[in-house]
Protein chains: 2
Amino acid sequence: MARLIEELRKLPGIGAKSAQRLAFHILRSSAADADALSDAVRELKAKLRLCSVCNNITDVDPCVYCSSPTRNQRQVCVVEEPTSIAVIERTRSYNGVYHVLHGTLSPLHGVGPEHLRTGSLTVRAERGEIDEAILATSPTLEGEATASLLADLLKPYPVRITRIATGVPAGSDIEYADEVTMTRALEGRREV
Amino acid sequence: MARLIEELRKLPGIGAKSAQRLAFHILRSSAADADALSDAVRELKAKLRLCSVCNNITDVDPCVYCSSPTRNQRQVCVVEEPTSIAVIERTRSYNGVYHVLHGTLSPLHGVGPEHLRTGSLTVRAERGEIDEAILATSPTLEGEATASLLADLLKPYPVRITRIATGVPAGSDIEYADEVTMTRALEGRREV
């Protein structure tokens with residue numbers, strides 16, 4: 001019991017109290033449920049790995065995007081985390097592939113360029129395998145710094161480097177736009 | 001007393017109870033305060049009018065923007081309401097002038113093109129007084145319909161017609177972007 005509580009406490013957002021509560025719940029649940037949870041945890045690490053091309057979390061290597069014959073393998077959307085891929089897939093308007101950095105630059109938290117998985121992206125660019133790199137990191141301080149770093153890293157190669165638009169979100173009134181967003185919306189205006 | 005309560009009830013968001021509460025407050029306040037409120041209401045209508053050039057609410061005609069020698073009088077930002085001007089002024093990044101429509105297209109509420117104040121804008125465009133019209137209506141259904149209408153109205157004239165960017169707001173994580181916003185952020189991507 002103490003060992004399980006200790007292991008559960010290592011999870012993010014789980015303190016001593018929560019760990020105890022979870023452990024007691026597992027204790028009261030059926031042996032089948034406990035086994036299922038145990039197996040699921042073990043299988044996660046055994047079966048899932050990072051795609052050798054794009055770093056996405058996958059059970060097949062290369063991942064479904066990198067091995068898809070119907071996707072444009074020469075258009076690469078660069079994202080911070082694997083969860084960002086779901087956000088972009090939901091739009092149903094993107095048919096290229098991805099590159100997952102697994103983090104953002106954050107000097108305050110000791111995350112430097114060496115901690116981001118940029119290697120396989122620049123290798124692809126160097127080999128002339130990429131036409132366009134869409135920098136889809138968040139328009140936060142860290143995301144913008146990461147986008148700048150990537151732009152610098154990709155500059156030597158013949159790649160079109162683009163950045164997703166910052167602006168007023170769809171369906172929102174401009175009355176609620178903050179100064180920075182409104183400034184970027186004006187700067188980013190396009191001819192109609 | 002009944003007359004004041006009746007008049008106060010005509011204000012938006014003021015019901016019978018609130019009107020009574022306000023009226024009693026005025027009754028208890030000093031004669032000077034009551035006079036000041038009375039004068040302020042009267043002066044508002046007596047002194048404020050719409051700018052004959054841009055329809056902004058102003059006490060001088062033309063308004064401070066339309067009569068400013070340091071502003072680019074050939075770049076016009078088209079907004080729905082006078083309050084939008086404050087949003088854009090806060091960015092400190094815009095140095096053109098404005099045109100206020102005083103509304104948005106809304107067929108459901110019976111607001112058609114004939115209800116928007118577009119006349120003086122097309123006249124300015126026809127006279128060749130405008131280089132660029134920035135359509136800064138909100139990226140809502142009504143705002144987009146209004147922007148389309150304006151683009152159609154201005155098309156015959158030699159005016160560069162632009163639309164503010166829709167996208168992920170500054171400082172926000174793309175995880176929280178909805179499908180439409182993310183689609184527009186991808187479509188609106190720009191080379192870096």
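## Close-up views of a predicted two-chain model

A search of the whole structure, a predicted model, finds 4 aromatic pairs over all chains.

**View 1. B:Tyr65 and B:Tyr98 form an edge-to-face aromatic pair.** A pair of aromatic rings is described by the distance of the centres and the angle of the planes. Here the centres are 5.3 Å apart, and the planes make an angle of 70°. The pair links distant parts of the chain, 33 residues apart. B:Tyr65 sits in the loop between β2 (57–58) and β3 (72–79) of chain B. B:Tyr98 belongs to strand β4 (residues 96–100) of chain B. Are B:Tyr65 and B:Tyr98 buried or exposed? Both B:Tyr65 and B:Tyr98 are buried.

**View 2. Three tyrosines of chain A form one aromatic cluster.** The members are A:Tyr65, A:Tyr94 and A:Tyr98.

**View 3. A cis peptide bond joins A:Asp61 to A:Pro62.** Its omega is near 0°. A:Pro62 lies in the loop between β2 (57–58) and β3 (72–79) of chain A. In chain B, the peptide bond from B:Asp61 to B:Pro62 is cis, with omega near 0°. The loop between β2 and β3 of chain B holds B:Pro62.

**View 4. A:His102 has a positive phi although it is not a glycine.** The phi value is about 55°. A:His102 is found in the loop between β4 (96–100) and α5 (119–126) of chain A. Its relative accessibility is 23%, so A:His102 counts as partly exposed. B:His102 has a positive phi too, about 55°, and is not a glycine. B:His102 lies in the loop between β4 and α5 of chain B. With a relative accessible area of 24%, B:His102 is partly exposed.

**View 5. Helices α5 and α6 of chain B cross at roughly 35°.** Helix α5 covers residues 119–126, and helix α6 covers residues 141–154. Their axes come within 10 Å. The crossing of α5(B) and α6(B) is right-handed. Which residues make the contact? From α5(B) come B:Leu121, B:Thr122 and B:Ala125. From α6(B) come B:Leu150, B:Leu153 and B:Leu154. By class, this contact has 5 nonpolar residues, 1 polar residue and no charged residues.

**View 6. A rotation of 180° superposes chain B on chain A.** The shift along the axis is 0.1 Å, and the RMSD is 0.4 Å. The two copies are therefore related as by a two-fold rotation axis. Which C-alpha of chain B is nearest the axis? That of B:Gly167 is, at 2.2 Å from the axis. The same surface serves both copies, and 100% of the contact residues of chain B recur in chain A.

Notes
Residues numbered from 1 in each chain as written. Chains lettered and ligands numbered in written order. Predicted model: local features only at pLDDT ≥ 70, side-chain atom pairs only at ≥ 80, totals over all residues. Heavy atoms only, no water. Axes fitted to C-alpha atoms, helices over the stretch in contact; angles between N-to-C directions. Helix = DSSP H or I, 4+ residues; strand = E, 2+ residues; numbered from the N terminus. Left-handed = near helix turned anticlockwise from the far one by under 90°. Contact = heavy atoms within 4.5 Å. Nonpolar A, V, L, I, M, F, W, Y, C, P; charged D, E, K, R; others polar. Least-squares fit on C-alpha atoms with pLDDT ≥ 70 in both. Phe/Tyr/Trp six-rings, centres within 6.5 Å; stacked < 30°, edge-to-face > 60°. Buried < 20%, exposed > 50% of the residue type's maximum accessible area, 1.4 Å probe, protein only.
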